[in-house]
Amino acid sequence: MKKISRILAITLITSTLSGCSLFSSSTTTPQTSNINPNKVIYQATDFDITIPRDWEILDGEKLPAGSPESIVVAFKNNIKNKKFIANMNIAQYNDKDEKTTQEEVVKSMKDNYKNTLIDFKDSGDTTVNINAGGKPIAGILTQFSGKSDAAENTKNFKQLYVKYNDISYIITTSYGQDE
């Protein structure tokens, strides 16, 4: 559990979480969304996710050096010349032998952020349903804010935790107060 908490401290990320559908595809090619032409659907082996068309996709060898092994893909806004760029990542953990509940993992993650971020403010948790192979499964969406450094502006964070077939997926997003 501590390993997950440490990895999550490194993997702070952003965007909206709407449009996330786990476990439904087999390619890694972005496709234009039929619903919104400004969005694309990123399809991986185990999930699809809708992202803004102009965001950069970092997967496979494109992931930055030193990225945790758990990170499957990361996305970042292409706004240039800004101190902080909104971003999102998806981490995957095989927890077949773990006996922890979603609630315990969420509490551990929050405790880690509370001890890591300055001016940490918890905005609460929400239970959400995620489409998994055509069936809804419960996930936990957490929202909080804080900053890594006293000199920077506060950032907002959302984190979605979903467990499906002994694999946990954690989508972490971070974005500025004005986004």
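1. Leaving aside its neighbours within four places in sequence, T142 is in contact with V106, K110, G124, D125, F157, K158 and Q159, where contact means heavy atoms within 4.5 Å. T142 lies in strand β9, helices (H or I, at least four residues) and strands (E, at least two) being DSSP runs numbered from the N terminus. T142 counts as buried because its relative accessibility is 1%; buried means under 20% relative accessible area, exposed over 50%, and partly exposed in between (1.4 Å probe, protein chains only).

2. A word on the basis of these values: this is a predicted model, in which local features need pLDDT of at least 70 and side-chain atom pairs count only at pLDDT 80 or more, while totals for chains, interfaces and linings use all residues. Residues are numbered from 1 along each chain as its sequence is written, and side-chain values use heavy atoms, with hydrogens and water left out.

3. K147 also belongs to strand β9, which covers residues 135–147. K147 has a relative accessibility of 13% and therefore counts as buried. Once its neighbours within four places in sequence are set aside, the residues in contact with K147 are L117, I118, D119, E152, N153 and T154.

4. The structure holds seven aromatic pairs, a pair being two rings of Phe, Tyr or Trp (its six-membered ring) whose centres lie within 6.5 Å, with planes under 30 degrees apart counted as stacked, over 60 as edge-to-face and the rest as tilted. One of them is the tilted pair of Y113 and F144, at 4.7 Å centre to centre and with 35° between the planes. This pair links distant parts of the chain, since Y113 is in helix α2 and F144 in strand β9, 31 residues apart. Both Y113 and F144 are buried. Elsewhere, ring pairs link Y42, F47, F75 and Y169 into a cluster.

5. Helix α2, which spans residues 102–116, also contains E103. With 53% relative accessibility, E103 counts as exposed.

6. Strand β7 (residues 87–94) has six of its eight residues buried, so it is largely enclosed by the rest of the structure. Five bridges join β7 to strand β6 (residues 71–76), and the two run antiparallel; two strands pair if DSSP finds at least two bridges between them. N87 in β7 is the bridge partner of K76. β7 also pairs with strand β11 (residues 167–176), in the antiparallel sense and over eight bridges, and there the bridge partner of M88 is T173.
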